[in-house]
Amino acid sequence: MVFHIFSLSIYHGDFSTLCCRVRVEEGVDGVRERIRREMQELCAPCYFYPRGGGRRMINCLEAEFDGDIWSELDKDIASKMSRSVVSLASFTGPAKFFACTGVFIKCNSCSATILTSASLVRVSGEALMINDKLRIEVCLPNKFRVVGILSCYNLNYNVALVDIMGYWSPRVIEICQQMPVTSCMNVISVGCLFEHRKLMAAKGEVLIGKQSELDCQELCISTCKITKAGIGGPLIDITGNFVGINFYHEEETPFLPSDVIQRLLDFDKGWYIFWTTAADTSAEGGENRRLLPGPCPNGGTAKYTDTVVEGCENRWPLPKPRVLGATLAELGLELINRSHGSDVED
């Protein structure tokens, strides 16, 4: 009997990640099937560079922005963002569950709070569930990695707050409710890769009047072209003011405006009723849809209250990784065929 032993490495630029190691007791057909299945289920967070045709995988977690303009940013803006922006990743054991960007919004003498996307812990395709067994890591501006603690989240707005301990020098981003969002406003999306902390930026403009395809009426749209790595990252104007938090869609970049975020974080008006704490995680089907009050017919403002929206799935779907120019199975087989190892005969 012949067994093939090899290591499969997937390359992202100069960065190489050991993806899997074939077990000696597996036959070749079993190896091919296992790798094909794992590539579909785990969706390795990087670009693939197989032979021929310039094929590549898109919608991955660690993909860089196309047309990255970080090096072109004003030095003051770049300095401010580099101290305010972090990258986060969640893990199930050694396997990466999700990776995204976040910003510091609060700090005190011994801890700091990061605003990010609830996709970090959200069960994919589910409206009401998070995975509370995940381990969260935060890559800081100094490239150190620390443990993050999920503090609370709101699945309707797909946002979460993560706390870290023992970091004393973050630059907190200022969230201003009065920041106007106007049509054709020039904006910049900022994101950060987790594996080797690379800050990225993409420019665009705000589109007023276009409704996002994601399940949140308060979302606005920009033309900034980002990747999944930019989810949870800040959208800023050309002077560095915070405009909103970015989400991801293949055709557009939805963002939650700063005025909505400011109301969610209004510590003087019972902000906690809009959030579910990590300790109070509900079972499937039991999670309330906590919404901000909408305008009253008389032009006033509704009272702050928990609102359960019936008949809405609120899944916040993300495009699955896919290969341009080839099927995923074809790419998996090509990667296997390119791997070389020793043959062991029994």
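Visitor: Which side chain does K210 meet in a salt bridge?
Guide: This is a predicted model, in which local features need pLDDT of at least 70 and side-chain atom pairs count only at pLDDT 80 or more, while totals for chains, interfaces and linings use all residues. Residues are numbered from 1 along each chain as its sequence is written, and side-chain values use heavy atoms, without hydrogens and water. A salt bridge puts a side-chain nitrogen of Lys or Arg within 4 Å of a carboxyl oxygen of Asp or Glu. At 3.3 Å, N to O, the partner of K210 is E252.

Visitor: How many residues apart are K210 and E252?
Guide: Strands are DSSP runs of E with at least two residues, and helices are runs of H or I with at least four, both numbered from the N terminus. K210 lies in the loop between β12 and β13, and E252 in the loop between β15 (242–246) and β16 (253–257). The pair thus links distant parts of the chain, with a separation of 42 residues.

Visitor: Is E252 buried or exposed?
Guide: Buried means under 20% relative accessible area, exposed over 50%, and partly exposed in between, with a 1.4 Å probe and protein chains only. K210 counts as partly exposed because its relative accessibility is 41%. E252 has a relative accessible area of 7%, so this residue is buried.

Visitor: Which residues do salt bridges with shared partners join into one network?
Guide: One link is between E62 and K96, at 3.2 Å, N to O. Another is between K96 and E195, at 2.5 Å, N to O. Through shared partners, the network joins E62, K96, R145 and E195.

Visitor: Where does E195 lie?
Guide: K96, its salt-bridge partner, is in strand β6, 99 residues away. E195 is partly exposed, because its relative accessible area is 28%. Its place is the loop between β11 (186–192) and β12.
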